[in-house]
Amino acid sequence: MADLTESTSADSRTPILELDGIGVWLSGREILHDVKFEVRPGELVGLIGSNGAGKTTIFRVILGLLTPSSGRVLIVGGPRPRRNRSVGYVPQKIALDPDMPLRSRDLVALGLDGHKLGVSLPSRRRREMVDEMLHAVDAMPFANARVGSLSGGEQQRVMIAHALISRPKLLLLDEPLANLDLRSEQEVVELLAEIAKEHGVAVLISAHDLNPVLPVVDRVVYVAHGHVASGTTDEVVTTDVLSQLYGHNVDVIRLHGRILVVAGPSPRADPALMEQLGRLSNPVDDTVAV
Amino acid sequence: MFAGFMINTWIVASIVAIVAGVVGFFVVLRGSSFAAHAIPNASFAGAAGANLVGASSIGGLLVFAVAGALGIALLSKRGRRDVATALAIVLMLALGALFLSFSTEYAAETYSLLFGEVLGVSSSELAPTVVLALLAVAAVATFWRLLLLTSVMPELAEARGVHIYRVELVFLLIVALVTSLSVPVVGALLMFSLMIGPPAAARSFTTNPFVAVVLAVSLALTTVWIAIAVSYMTTWPIGFFVGVLGAAFFLTGRAFAAWRGNRAHPRAARHSQVVAA
């Protein structure tokens with residue numbers, strides 16, 4: 001697997017992605033509140049939260065598709081230009097027409113120059129770049145297959161190759177494990193860990209379940225009701241931190257290296273907890289989706 | 001059938017087929033069949049209006065096709081694309097009905113505009129047809145990669161800084177160009193069958209997008225050549241044959257895809273043999 005990044009900056013501690021106090025209001029509702037976290041080179045960070053928690057909104061802010069009401073996004077220490085080649089993106093659930101005459105290699109090549117005018121003439125160099133990337137994600141066996149007819153895991157590999165071919169410093173993946181079977185899920189997770197560790201790419205992936213990514217993430221950003229808590233898994237995924245984040249009594253149970261986050265008894269049944277929650281900024285919400 | 005007065009028909013119909021094949025590939029890929037139906041309908045009103053005031057019918061076609069394309073693009077920016085497209089059709093057909101009601105040559109004119117006219121191509125229409133065709137093909141070549149990316153993964157294209165709305169607008173204008181040069185030959189109602197049938201059939205035979213375009217053009221040429229010949233011999237409308245052949249190619253393509261799909265799983269076949277053994 002070839003070096004996937006351009007020469008990394010001398011100070012590898014400079015965050016590739018930095019969100020600072022991001023707030024988003026949409027039609028009078030607060031969607032995100034003071035979202036703050038960073039991703040450094042070679043780090044794999046999991047953005048964990050249930051559907052509707054604000055994960056996709058955070059991605060839209062990072063991609064520049066949504067202007068935040070407050071706060072700022074820094075990419076490699078600077079503001080994000082409109083066409084930023086240093087960010088690779090794999091969107092959530094790509095519906096590809098199964099009859100579409102487009103091979104895996106065509107889709108990967110579009111990652112190279114799909115945003116440009118003109119026709120791309122076939123060249124040896126171009127073909128080598130595409131082949132190299134298909135190799136890197138282990139997609140050579142279906143390089144010439146109709147991309148719409150591939151399985152979810154195979155399509156995910158091709159999409160990752162598409163995102164990586166422009167040699168980004170930051171790779172964003174929105175729910176890459178959704179709709180994958182257990183084996184493909186594990187293969188994609190291992191591939192992402194390899195991309196981060198061996199090639200110094202900063203990887204941010206969102207997921208509604210923490211467990212599949214637990215073995216590979218360096219840190220997690222837990223999202224609930226537009227608020228986030230970030231840190232290592234041990235720091236964030238605790239009964240105290242998550243109860244505070246959800247504004248509800250939450251139990252974190254560790255079982256054979258897996259973590260279960262379950263709603264605890266209603267705080268109304270526990271006057272002491274009720275009093276404690278009353279001091280928190282979050283409103284008490286009876287429904288805790290995990 | 002190859003007499004002097006038919007030469008223009010053969011030339012113009014071939015140009016129409018080439019352009020319809022190229023643009024039709026993207027019409028099918030983008031799921032824009034409804035827009036490809038609406039824009040020729042809009043242009044029909046333009047031709048009717050042009051006849052009424054004695055202007056060139058290809059000019060009237062062009063103005064109304066472009067107006068239809070812009071209308072669909074602007075309306076669908078704020079609402080659902082299918083509803084916007086339907087409203088554009090309805091508005092333009094209403095205008096067409098009005099213009100026709102003022103016209104004295106009602107029946108014959110309407111018939112040839114709606115269903116096409118083999119003998120209707122005059123040498124004065126040859127030059128504008130060639131210019132519009134070259135423009136349309138050049139536009140597709142220029143926007144090839146952007147059209148491909150925005151058709152396949154619009155949300156991703158947007159995240160990469162592509163203005164997907166502008167690309168859609170350009171695409172609808174290309175469809176308007178193709179419409180203007182095609183309607184006089186194959187007619188407003190059946191114009192889009194040439195943009196849908198051959199490219200949709202081509203998808204079943206290849207996985208390579210370039211090959212699919214070449215194949216779509218070949219099938220479109222075959223369609224119009226057969227249609228002209230048979231229409232000349234039977235005096236049945238050319239649009240009928242274009243429509244029927246388009247559907248026939250599409251069904252053949254689906255049958256081929258199904259046959260290939262059954263063959264494409266040798267592992268499954270081998271497995272069943274093992275089980276049988």
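Let's begin with chain A. Its secondary structure comes to 8 helices and 11 strands. Keep in mind that this is a predicted model.

How much of chain A is buried? Of its 290 residues, 43% are buried. Now the contacts within chain A. Take those with a separation of 6 or more: 67% of them join residues 24 or more positions apart.

Next, one pair of helices. Find helix 2 of chain A, residues 104-113, and helix 3 of chain A, residues 124-136. Their axes come within 10 Å and cross at roughly 110°. Angles of 65 to 115 degrees count as roughly perpendicular, so helix 2 of chain A is roughly perpendicular to helix 3 of chain A.

Which residues make this contact? From helix 2 of chain A, we have A:Ser104, A:Arg105, A:Val108, A:Ala109 and A:Leu112. Helix 3 of chain A brings A:Arg126, A:Met129, A:Val130, A:Met133 and A:Leu134. Sort the residues of this helix 2 and helix 3 contact by class, and you get 7 nonpolar, 2 charged and 1 polar.

Now the two chains together. Their contact takes 26 residues from chain A and 25 residues from chain B. Look at the chain B side. Five names to find there: helix 6 (126-142), helix 7 (144-152), helix 8 (154-159), helix 10 (191-205) and helix 11 (209-234) of chain B each supply at least two residues. Which helix of chain B gives the most to that side? Helix 7 does, with 6 residues. By class, the side of chain B touching chain A has 14 nonpolar, 6 polar and 5 charged residues.

That's my tour. Thanks.

Conventions: Residues numbered from 1 in each chain as written. Chains lettered and ligands numbered in written order. Predicted model: local features only at pLDDT ≥ 70, side-chain atom pairs only at ≥ 80, totals over all residues. Axes fitted to C-alpha atoms, helices over the stretch in contact; angles between N-to-C directions. Helix = DSSP H or I, 4+ residues; strand = E, 2+ residues; numbered from the N terminus. Parallel < 35°, antiparallel > 145°, perpendicular 65-115°, else oblique. Contact = placed C-beta atoms within 7 Å. Nonpolar A, V, L, I, M, F, W, Y, C, P; charged D, E, K, R; others polar. Buried ≥ 20, exposed ≤ 12 C-beta atoms within 10 Å, placed from the backbone.
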